[in-house]
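Here is a short tour of a ligand site and the residues around it. Please have a look at the sequence and the model first.

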Amino acid sequence: MSAVVVVHGGAWAIPDDLAKASVDGVKAAACEGHSVLKRGGSALDAVEAAVRALEDNTVFNAGHGGTLNTEGEVELDAIIMDGRTLGNGAVSSAKNIAHPVTLARAVMEKTSHCMLTSRGANQFAESIGMATVPTETMVTEYERKEWEKHKNYVTGVMEDFNAQWAHDTVGAVAVDCSGNVACATSTGGIRNKMVGRVGDSPIIGSGGYADNLSGAVSCTGHGESILKVTLARLIISHIEQGKSVADSSQLSLQYMGNRVHGAGGAIVVSPSGQWAATFTTERMAWAAVDHDVLWFGLDPNQRSKEQLSN
Ligand code: ASP
């Protein structure tokens, strides 16, 4: 059984000046996840490592580089899910946390709950000794300028997902050499969201889902649309009915477009190592490592590859 990891850096109209940095970032994160799998690590360890790498990279809207809400603050959402047990942990509206995915994993492993939000998420972080990071170091110059420019959520959504500009949630899915699958998704949300707005990303079945019986999914795109169709679970239900991972993602994204006019993207892996990276936005930066080959893309139908050294 060969291990596979797939990552995304968000589905939206990625401008040319961020294209190379976005592709380089997802390639590096996929390699990070791959090295965990290669050392015999679990799918859960691999998705956490890949998402941490994306959270550290300010080109992406997760951890460092998160978007600002209407009050100019960063509120972070993340989920992680283990396909072996259906165990999952999530945080929403957490502030000043460098690696929300790791906090989500701690919720899964160290509490009896599936999600902690806002003050509770931060209190829990403090209780387990997870340090907070000053806001100034988390917010990029780029984000401050964009926020000043478009102080309106609805315009931002139109621009991000239908035309030009804005954001990128990150995510990873993996299958390890024992056939266990896992997913993780992390985001700063959508620029100019209301204080306390929670999108799809930390919600089980919307921003992500993982089940060893079918596969693992991480989604990105317009959160309010993804929530309405529970996109991750919709993709899984197509897989359960016998469709390929590629067809399942395509059909579900098309359904979201037709039913609620939302655009987005998804990465999927099955327990047998089939994988797909699909989107209905202009672009989505994604990368995958399968049998020591690094696959990556940004534009529709782009599937580039590089051989990794053993
Ligand atoms: N889905 C995220 C949200 O709505 C945004 C994104 O994927 O870019 O919070």
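Where does Thr169 lie? Thr169 is found in the loop between α7 (153–162) and β5 (170–175), with helices (H or I, at least four residues) and strands (E, at least two) taken as DSSP runs numbered from the N terminus.

A word on the basis: this is a predicted model, in which local features need pLDDT of at least 70, side-chain atom pairs count only at pLDDT 80 or more, and totals for chains, interfaces and linings use all residues. Residues are numbered from 1 along each chain as its sequence is written, and side-chain values use heavy atoms, leaving out hydrogens and water.

The UniProt annotation "active site", from an unreviewed entry, covers Thr169; such annotations may be inferred rather than shown by experiment. Thr169 is buried, at 9% relative accessible area (buried means under 20%, 1.4 Å probe, protein chains only). Thr169 is also among the residues that come nearest to the ligand, together with Arg197, Asp200, Thr220 and Gly221.

| Protein atom | Ligand atom | Distance |
|---|---|---|
| Thr169, side-chain N or O | oxygen | 2.8 Å |
| Arg197, side-chain N or O | oxygen | 2.8 Å |
| Gly221, backbone N or O | nitrogen | 2.7 Å |

The protein covers 100% of the 270 Å² of accessible area that the ligand has on its own (Shrake-Rupley method, 1.4 Å probe).

Now to Thr67, which sits in the loop between α2 (43–56) and β2 (76–82). Thr67 is buried, with a relative accessible area of 0%, and a polar atom of its side chain lies 2.9 Å from the backbone oxygen of Gly188.

Conventions:
Near = heavy atom within 4 Å. Polar contact = N/O pair within 3.5 Å; in protein donor to acceptor, adjacent residues only side chain to side chain. Buried < 20%, exposed > 50% of the residue type's maximum accessible area, 1.4 Å probe, protein only.
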